[in-house]
Protein chains: 2
Amino acid sequence: MRKLEREAIYRDYIACLNARDWARLGQFVHDDVRHNGRPLGLDGYRAMLENDHAQIPDLHFQIKRLIADPQQVACRLRFDVTPRGEFLGLPVNGRRVTFCEHALYAFRDQKIHEVWSIIDKAAIEAQL
Amino acid sequence: MRKLEREAIYRDYIACLNARDWARLGQFVHDDVRHNGRPLGLDGYRAMLENDHAQIPDLHFQIKRLIADPQQVACRLRFDVTPRGEFLGLPVNGRRVTFCEHALYAFRDQKIHEVWSIIDKAAIEAQL
């Protein structure tokens with residue numbers, strides 16, 4: 001698969017997350033997906049995303065930078081959101097915070113098979 | 001410039017950092033470089049790196065994942081180090097910590113022109 005196809009599929013994946021279209025998630029995410037080293041599988045990955053949306057009712061993924069090669073994608077994602085209660089152990093409690101996440105993805109069988117994600121916790125702390 | 005050349009140059013850049021070979025830094029880093037939105041310039045970027053090495057005497061950059069396209073690079077970097085005193089506002093005080101950084105780079109005139117970096121602060125907190 002070529003770089004531009006990989007980018008297009010990744011943008012579709014993000015649109016799927018923003019639409020909360022969980023029935024389509026398996027089109028993009030491998031049955032044996034791992035997230036930060038944890039073997040979640042597709043069901044566990046969906047549960048993680050549903051939990052994220054429950055904790056952050058206005059969750060919306062905005063792509064700021066996208067880097068793709070035939071087997072991998074890296075993305076700088078931006079969020080402008082109001083998490084309920086604690087978020088990453090911080091007392092956000094419905095305040096509006098903006099922050100970025102850098103996520104790297106490895107593909108297998110044309111689907112996301114491994115994700116490594118780091119959220120800019122220091123940026124959130126600076127806003128509280 | 002092609003993807004494989006970009007990867008090779010990036011690996012040379014990391015070797016330059018690990019060798020603390022500051023005289024070569026300008027081969028890789030643009031005079032007008034920006035880091036997380038701050039217009040540091042080459043001198044400011046070098047000063048930032050020298051400060052990092054002073055704060056972390058055993059600083060060593062290990063590439064875990066590398067994603068490159070013709071204009072950009074993304075990297076998952078791993079560190080296994082003993083920062084002196086406070087690090088990212090955390091009382092590390094010479095303890096050994098392992099953590100990752102996800103750094104994204106945009107190139108201009110074949111040099112690093114803009115860097116966006118997020119360090120996994122939560123991983124460090126969990127080790128203290």
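View 1. Copies are superposed by least squares on the C-alpha atoms of residues with pLDDT of at least 70 in both. On that basis, chain A is superposed on chain B by a rotation of 180 degrees with 0.0 Å of shift along its axis (RMSD 0.0 Å), which is the relation of a two-fold axis. This is a predicted model, in which local features need pLDDT of at least 70 and side-chain atom pairs count only at pLDDT 80 or more, whereas totals for chains, interfaces and linings use all residues. Residues are numbered from 1 along each chain as its sequence is written, and chains are lettered from A and ligands numbered from 1 in the order in which they are written.

**View 2. The interface between chain A and chain B.** Contact here means that the C-beta atoms of two residues, placed from the backbone, lie within 7 Å; 17 residues of chain A are in contact with 17 residues of chain B. Two or more residues each come from strand 2 (62-68), strand 3 (72-81), strand 6 (97-108), strand 7 (111-119) and helix 4 (121-125) of chain A, where helices (H or I, at least four residues) and strands (E, at least two) are DSSP runs numbered from the N terminus. Because 100% of the interface residues of chain A are also interface residues in chain B, the copies meet through the same surface.

**View 3. The open sheet of chain B.** Six strands of chain B form an open sheet in the order 2-1-8-7-4-3, with mixed pairing; two strands pair if DSSP finds at least two bridges between them. The edge strands, strand 2 (38-39) and strand 3 (62-68) of chain B, each pair on one side only. Strand 7 (residues 97-108) and strand 8 (residues 111-119) of chain B are antiparallel and share eight bridges, whereas strand 1 of chain B runs parallel to strand 8 of chain B and is joined to it by three bridges.

View 4. In the hairpin of strand 1 and strand 2 of chain B, which has two residues between the strands, N36(B) takes a positive phi near 45 degrees. I112(B), in strand 8 of chain B, is the bridge partner of F107(B). Not counting residues up to four places away in sequence, I112(B) touches Y13(B), F28(B), V29(B), H30(B), V33(B), Y105(B) and F107(B).
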